[in-house]
Amino acid sequence: MKVMTPFANDTESQAIEGLTIENGSARIVISGDLEITKDKAGLRHAKALKAVITEIVAALEAEKKLPEYADDESKPIAEVKNPFEGTD
Amino acid sequence: MRAAFALWATAFLFAASPQSPAEAADRCPQFFAQGQAPELKNARLAVKTRPLCFSFFGVLHSGVTRTPLWAAEHLTRDTLRRAACVERVNTFHVEDRLPGSERAELTDYVGSGFDRGHLAPAADFPTDEAQDESFSLANMIPQEANLNRSLWLHVETTVSGLTMRYGETYVVTGTAFVGKNLRSLNGRVMVPTQVYKAVYISALEQAAAYFVDNSDTPDLQVLSISELSERTGVDPFPGLSAAVKTTTMKLPKPSNRGRPRCRPPYAPE
């Protein structure tokens, strides 16, 4: 199975059963849940998860200047008037 | 009802005229209960809307909010079984059928703190192509991360479970924009105040909707279709009788149970 390229883009999203791994240039988010069953399907899922984690670790270790903690980079949220409410 | 239908038709023609002839085929009644698209009761919602059809779902996109207003799906047991076996890396992408002035860009979402929340979830779709299509920004809303990753995921999963139990469902997932002001990404992409998932189970001839604030501490409600229409300005199932619309079907508490597991004959080698 194809594996994402960690921290290389803000667009990739990989699913392993109920688990979603979303790539990002600043963070990777793993959400949902995955039941690893004691069968060949479970082994396939475990290997897929391991492959992604291996890539993530390698990408972080390859960074020259990894900060202790990255800054929270959230942009400010702008308010706009609701175009669907009010009188004409 | 006639006025609302006219709005839909107008929106369709508007969308069709400046684009490729392929857009003329862009109507997808197969995803709608009784073949009838959701109706906009609030005429303001219809401004700059464009219907977009994908291989397994249809969307009404707003160039005002730069989000979909709704996404419609017809779910069946068989498509969900096939969907359970699709494994791939997907890519969020700009919807290039929409004009630049009306669509969200990837940069609007990046660093906003909001998740790109699917209206029609990728996990519902049985082919690589259909899953990829669901990553179009025309199917995305700015959704609170905690909602997207837990309660809303459970709502999606539970609706899958209802489909497995009753064989087929019609599902409309949509947004509400309520209040004087709205939050926005870059002043361009508006953040819905609520999201809903309306479900019609044809085998029971019953319907209801999950309705939740787009918040990190969401309070989930179950509404009748008529109550939902009041709150959102959208009737997801205009073809249903008044009796069905005013009766609230009992919906299960959302949980992580309901998606089928990948099994033969659809399982990969």
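Guide: What follows takes the labels in turn for this predicted model.

Visitor: What makes A:Thr11 count as buried or exposed?

Guide: A:Thr11 has a relative accessible area of 16%. Buried means under 20%, so A:Thr11 is called buried. This residue sits in the segment before β1 (12-16) of chain A.

Visitor: Which residues does A:Thr11 touch?

Guide: Leaving aside residues up to four places away in sequence, A:Thr11 touches B:Asn90, B:Thr91, B:Phe92, B:Leu106 and B:Arg116. Contact here means heavy atoms within 4.5 Å.

Visitor: How many residues does each chain bring to the contact?

Guide: Chain A brings 35 residues and chain B brings 40 residues. Interface size is often expressed as the accessible area lost when the parts come together. Between chain A and chain B about 3,300 Å² is buried, and 48% of that lies on carbon and sulfur atoms. On the side of chain A, the residues that lose the most area to chain B are A:Lys75, A:Val80 and A:Phe84, together 21% of what that side buries.

Visitor: Why is the pair A:Arg44 and B:Glu87 called a salt bridge?

Guide: The closest N and O atoms of A:Arg44 and B:Glu87 are 2.7 Å apart. The cut-off is a side-chain nitrogen of Lys or Arg within 4 Å of a carboxyl oxygen of Asp or Glu, so the pair qualifies as a salt bridge. The count between chain A and chain B is 5 salt bridges.

Visitor: How do you know that β3 and β4 of chain B pair?

Guide: Two strands pair if there are at least two bridges between them. Strand β3 (residues 58-62) and strand β4 (residues 67-76) of chain B are joined by 5 bridges, so they count as paired, and they run antiparallel. B:Ser62 stands opposite B:Thr67 in β4(B), and B:Val59 stands opposite B:Ala71. The two strands form a hairpin with 4 residues between them, and in the turn B:Arg66 has a positive phi of about 60°.

Visitor: Why are β2 and β13 of chain B said to stand at the edges?

Guide: The open sheet has 7 strands in the order β2-β3-β4-β8-β11-β12-β13 (chain B), with antiparallel pairing. β2 (49-53) and β13 (220-223) each have a single partner strand, so one side of each is left without a neighbour in the sheet. From one strand to the next, the twist averages 15°.

Visitor: Which helices lie against the sheet?

Guide: Helix α5 (residues 145-166) of chain B packs on the sheet, touching β4, β8, β11, β12 and β13, and its direction makes about 5° with that of β11(B). Helix α6 (residues 225-232) of chain B lies across β8, β11, β12 and β13, at about 35° to β12(B).

Visitor: What are the totals for chain B?

Guide: Chain B has 7 helices and 14 strands. Of its 269 residues, 57% count as buried. Chain B exposes about 10,500 Å², of which carbon and sulfur atoms supply 52%.

Notes
Residues are numbered from 1 along each chain as its sequence is written. Chains are lettered from A and ligands numbered from 1 in the order in which they are written. This is a predicted model: local features need pLDDT of at least 70, side-chain atom pairs count only at pLDDT 80 or more; totals for chains, interfaces and linings use all residues. Side-chain values use heavy atoms; hydrogens and water are left out. Axes are lines fitted to C-alpha atoms, for helices over the stretch in contact, and angles run from 0 to 180 degrees between N-to-C directions. Buried means under 20% relative accessible area, exposed over 50%, partly exposed in between (1.4 Å probe, protein chains only). Accessible areas come from the Shrake-Rupley method with a 1.4 Å probe; for residues, only the protein chains shown count as cover. Buried area is the accessible area (1.4 Å probe) that two parts lose on being put together, summed over both.
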